[in-house]
Amino acid sequence: MRVMGVDPGLTRCGLGAVEGRPGAPLSLLSVGVVRTPPDDDIGSRLVVIEAEIERWLDEIRPDAVAVERVFAQHNVRTVMGTAQASAVAIVCAARRGLPVALHTPSEVKAAITGNGNADKKQVGTMVTRLLRLDAMPRPADAADALALAICHVWRGGVQHRLADALARARSGGAAAIGTGGTGGTGGSGRTGRPGEVAAGRQDRGGNTR
């Protein structure tokens, strides 16, 4: 499963992509941060973020996009900017028909560190360890984006396997009903699913922008 994580923000929007499956080592595909000048108007800043997310989607070709769920803060202006950047990421993914998952910060922290109240340094340290990196991704927005992607590989991968098993069970039942009493070959004739991850361009150069 190939997942692109987005840590939304207007001044810094973290982007990170990993590949892997639950219970197996993860691989870093790319990581970086989109920066926009605080003095620019909101429209121009969102256009820059959209263009960079679209470029990443073209290059990474993810199976899913994981975005941090916006939660209430005391600083309303910060919440608005985060929500606007988040909406851009969701729209870019939906435009391509990609599934979008929203994970809260506490969900991500719990998945990565085992502690829903972990600080950014703890999250960055675990991301570095899980991806076998030489140095912690910086700024923290980049590490947070990778943490989102890792969280979804682990959580989304399990959910996908459950959904796949349910679909196969339903398909098998339908096939049995369709062939019952006909003296057929005694099987549904179903074939296995094709590989979930197609070969694509990868950038494993560490802190790639």
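This is a predicted model: local features need pLDDT of at least 70, side-chain atom pairs count only at pLDDT 80 or more; totals for chains, interfaces and linings use all residues.
Figure 1. At the start of the helix, the backbone nitrogen of Lys121 lies within 3.2 Å of a side-chain oxygen of Asp119.

**Figure 2. Two sides of helix α4, residues 120–130.** Val123, Gly124, Val127 and Thr128 are the buried residues of the helix. Viewed down the axis of α4, these buried residues fall within an arc of 135 degrees, so they line one face. Lys121 and Arg129 are exposed on the other side of α4.

**Figure 3. A salt bridge between Arg2 and Glu19.** The two side chains meet at 2.9 Å, N to O. Arg2 belongs to strand β1 (residues 2–7) and Glu19 to strand β2 (residues 12–19), so the pair ties together parts 17 residues apart in sequence. Both Arg2 and Glu19 are buried.

**Figure 4. Asp58 and Arg96 in a salt bridge.** The closest N and O atoms of the pair are 2.9 Å apart. Asp58 is in helix α1 and Arg96 in the loop between α2 (76–95) and β5 (100–103), so this bridge links distant parts of the chain, 38 residues apart. Salt bridges with shared partners join Glu50, Glu54, Asp58, Arg95 and Arg96 into one network. The structure holds 9 salt bridges.

How values were computed. Residues are numbered from 1 along each chain as its sequence is written. Side-chain values use heavy atoms; hydrogens and water are left out. Buried means under 20% relative accessible area, exposed over 50%, partly exposed in between (1.4 Å probe, protein chains only). Helices (H or I, at least four residues) and strands (E, at least two) are DSSP runs, numbered from the N terminus. The arc is that of the directions from the helix axis to the C-beta atoms. A polar contact is a pair of N or O atoms within 3.5 Å; within protein, one must be able to donate a hydrogen and the other to accept it, and residues adjacent in sequence count only if both atoms are side-chain atoms. A salt bridge is a side-chain nitrogen of Lys or Arg within 4 Å of a carboxyl oxygen of Asp or Glu.
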